[in-house]
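Have a look at the sequence and the model below. We'll walk through them together, a bit at a time.

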Amino acid sequence: MKRTGEFIPAVLGGVFLLLFVSACSGTKEIGEVPSAAVCGSIVDTKCVSCHYKTRICSALGTKSIRQWETTVTFMIKQGVQLTEDEQNKVVACLSSLSPGSEVVCQ
Ligand code: HEC
């Protein structure tokens with residue numbers, strides 16, 4: 001009996017340690033950067049109703065992932081509808097595109 005009593009807390013401890021380590025690891029995980037087609041379609045469908053893509057184009061290469069997150073959160077406050085998944089994708093896209101990228105600047 002004593003064995004199982006110690007085993008479970010040890011496993012839980014291990015799981016929490018893992019969560020803790022992955023949550024705190026320095027670089028923020030935003031997952032795979034989607035293809036240009038996916039990036040382009042989100043921008044073309046979601047990001048052009050209030051301003052031209054030139055606004056986005058001219059910001060390429062000037063923001064960190066975190067800054068793009070802030071920008072996208074701000075756009076959501078302005079009223080853009082994005083699912084959690086689309087937010088992550090668009091942040092991953094925009095933070096990885098180089099200035100002048102045809103995905104946003106064509
Ligand atoms: C509901 C309206 C609206 C939609 C949709 C919208 N934006 Fe904006 N966006 C704004 C407004 C308002 C400003 C101007 C803020 C300012 O002048 O500082 C702006 C400015 C910007 C800027 C320039 C300012 C900066 O922070 O660099 C970028 C980049 C930008 N938007 C990106 C996006 C992206 C990416 C999307 C799609 C996910 C998007 N916007 C969709 C309202 C919107």
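What follows goes from the overall fold to the ligand and then to a few residues.

First, some ground rules. This is a predicted model, where local features need pLDDT of at least 70 and side-chain atom pairs count only at pLDDT 80 or more, while totals for chains, interfaces and linings use all residues. Residues are numbered from 1 along each chain as its sequence is written.

Start with the big picture. The protein has six helices and zero strands, and along the sequence that reads α-α-α-α-α-α. Helices (H or I, at least four residues) and strands (E, at least two) are DSSP runs here, numbered from the N terminus. Of the 106 residues, 13% are buried. Buried means that 20 or more other C-beta atoms lie within 10 Å of a residue's own; exposed means 12 or fewer, and partly exposed is in between, with C-beta atoms placed from the backbone. Now take the contacts with a separation of 6 or more: 76% of them join residues 24 or more positions apart. A contact needs two C-beta atoms, placed from the backbone, within 7 Å.

Now for the ligand. There are 17 residues around it, and C47, C50, A59, G79 and V80 come nearest. Being near takes a C-beta atom, placed from the backbone, within 6 Å of the molecule. Helices α3 (53-57), α4 (65-78) and α5 (84-96) each supply at least two residues of this shell, with α4 giving the most, four residues. By type, the shell holds ten nonpolar, five polar and two charged residues. Here Ala, Val, Leu, Ile, Met, Phe, Trp, Tyr, Cys and Pro count as nonpolar, Asp, Glu, Lys and Arg as charged, and the others, Gly among them, as polar.

Follow α4 itself for a moment. Its 14 residues reach 20 Å from first C-alpha to last, close to the 20 Å expected at 1.5 Å a residue, taking 1.5 Å times one less than the number of residues. After α4 comes G79, with a positive phi near 125°.

V80 sits in the loop between α4 and α5. It counts as partly exposed because it has 16 C-beta neighbours inside 10 Å. Leaving out residues up to four places away in sequence, V80 touches K46 and M75. The C-alpha atoms of V80 and C47 are separated by 7.5 Å, though the two are 33 residues apart along the chain.

Finally, find C57 in helix α3. With 19 C-beta neighbours inside 10 Å, C57 is partly exposed.
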